[in-house]
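Reader: Please show me how to read this model, feature by feature. Keep it brisk.
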Amino acid sequence: MKAVLIRTFGNPDGLEVVDLPVPVPAAGQVRIATEAIGVGGVDAVIRRGTLAAYGFREGHLLGSEVAGSVTAVGEGVDASWIGRRVWAFTGLSGGYAEQAVAAVQDILPLPDGLTGAAAVTLGGSGVVAHFALDRARFTPGEAVLVRGAAGSIGITAVQLAARGGAGAVVVTTSSAERGARLRDLGATHVLDRSGGGGGSDAPSGFDVVIDVVGGSQLPLLLDRLNSNGRFVAVGVVGGQPPADFGMRLMDAFRKSLSFATFSSDTVPAPDRQAVRSSQFADAVHGDLRTVVHEVLPLDQAVLAHRKMDAGEVFGRVVLAP
């Protein structure tokens, strides 16, 4: 089968299309013929070698979420799964392939009317956005900033905050065109990437910040938290923050600020699946919008990553075998 590996860490040219044996599902697993493969920010971070210290090595098969039809099941798995269309989390590896395996507890049937591309745009990111707002103890009327809002996590967070009654939904993004698209999704104010602009009526401070970016400018957003403000970091697509960023929290000790990281790995699987199922239904009914930037063939994974690195992607790029 065709698959995409990291031959060398670094820029997208280090990705390579290879032929691999079709995987055999182990006990408790299913095999899926992929129709859609999500290309996420974490894929780019792994590709660059940023997470090598966490065990990722060259030769790694990228991809964490796919959609497609179950073609085989491992020992202990109900054979009635065969032939069903599902979304699946493959565990940060194995998704960029014509056939992928996943644990049966990490798959979810696709409802009628939901495309595979929409499923891999919402399946992982929607859960992160939902539980990040929950971790931030977001309540109606509060001012929410979504930093890095043009990706699939940010787009969903904007919609959920607006739907949840936020007093203001502020976003950072790179262009007026993207800002207009985010306003259409529920944003009330648009800032530039450094947090500037937004007009005279833009909030000067925020009760909640959901941050996908990280990077060197993260401390500047900590300074913008209101008293009792909560900052939740859900990604580091812009790199790690300065090592001493926590000093900003200590300098503002009397404001009682909170900083948290969030990974959906810490949410029990049944809770993740319940939220995901609800969001899939919302997407089918038009109550939650998915934004697919482009669908590319699997063998154009290099191009997909180049577009991400260049900041061209609004929503999610999807690969299709």
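Author: Start with one residue. Val101 lies in strand S6. Helices (H or I, at least four residues) and strands (E, at least two) are DSSP runs, numbered from the N terminus. This is a predicted model: local features need pLDDT of at least 70, side-chain atom pairs count only at pLDDT 80 or more, and totals for chains, interfaces and linings use all residues. Residues are numbered from 1 along each chain as its sequence is written, and side-chain values use heavy atoms, with hydrogens and water left out.

Reader: Which accessibility class does Val101 fall into?
Author: Buried means under 20% relative accessible area, exposed over 50%, and partly exposed in between (1.4 Å probe, protein chains only). Val101 has 22% relative accessibility, so it counts as partly exposed.

Reader: Which residues does Val101 touch?
Author: Contact means heavy atoms within 4.5 Å. Leaving out residues up to four places away in sequence, Val101 touches Pro23, Pro25, Gln29, Val30, Arg31 and Thr90. For a distance across the model, take Ala176: its C-alpha atom is 41 Å from that of Val101, and the two residues are 75 apart along the chain.

Reader: How do I read strand pairing?
Author: Strands of a sheet pair through backbone hydrogen bonds, either parallel or antiparallel. Here, two strands pair if DSSP finds at least two bridges between them. Strand S6 (residues 99–103) pairs with S3 in the antiparallel sense, over five bridges. Ala33 stands opposite Gln99 of S6.

Reader: What about S3 and strand S4?
Author: S3 and S4 (residues 65–73) are antiparallel, with seven bridges. Ile37 has Val66 as its bridge partner in S4. Strand S15 (residues 316–320) also runs antiparallel to S3, joined by three bridges. In S15, Ile37 has Leu319 as its bridge partner.

Reader: How many residues of strand S3 are buried?
Author: Eight of the eleven in S3 (residues 29–39) are buried, so the strand is largely enclosed by the rest of the structure.

Reader: What is the order of the six strands in the open sheet?
Author: The order is S10-S9-S8-S11-S12-S13, and the pairing is parallel. Strands S10 (189–191) and S13 (258–261) are at the edges with a single partner strand each, so one side of each has no neighbour in the sheet. On average, neighbouring strands are turned by 15° against each other, direction ignored. Axes for such angles are lines fitted to C-alpha atoms, for helices over the stretch in contact; angles run from 0 to 180 degrees between N-to-C directions.

Reader: How many bridges join S12 and S13?
Author: Four bridges, in the parallel sense, with S12 covering residues 225–233. Phe231 stands opposite Phe259 in S13.

Reader: Which residues do ring pairs link into a cluster?
Author: Rings of Phe, Tyr and Trp (its six-membered ring) pair if their centres lie within 6.5 Å; planes under 30 degrees apart count as stacked, over 60 as edge-to-face and the rest as tilted. The structure has two aromatic pairs. Ring pairs link Phe231, Phe245 and Phe259.

Reader: How do I check a helix?
Author: Compare spans. The expected span is 1.5 Å times one less than the number of residues. Helix H3 (residues 152–163) has twelve residues and should span 16 Å; its end C-alpha atoms are 17 Å apart, which agrees.

Reader: Is H3 mostly covered or uncovered?
Author: Mostly covered: ten of the twelve residues of H3 are buried. Among them are Ile153, Val158 and Leu160. Just after H3, Gly165 takes a positive phi of about 85°.
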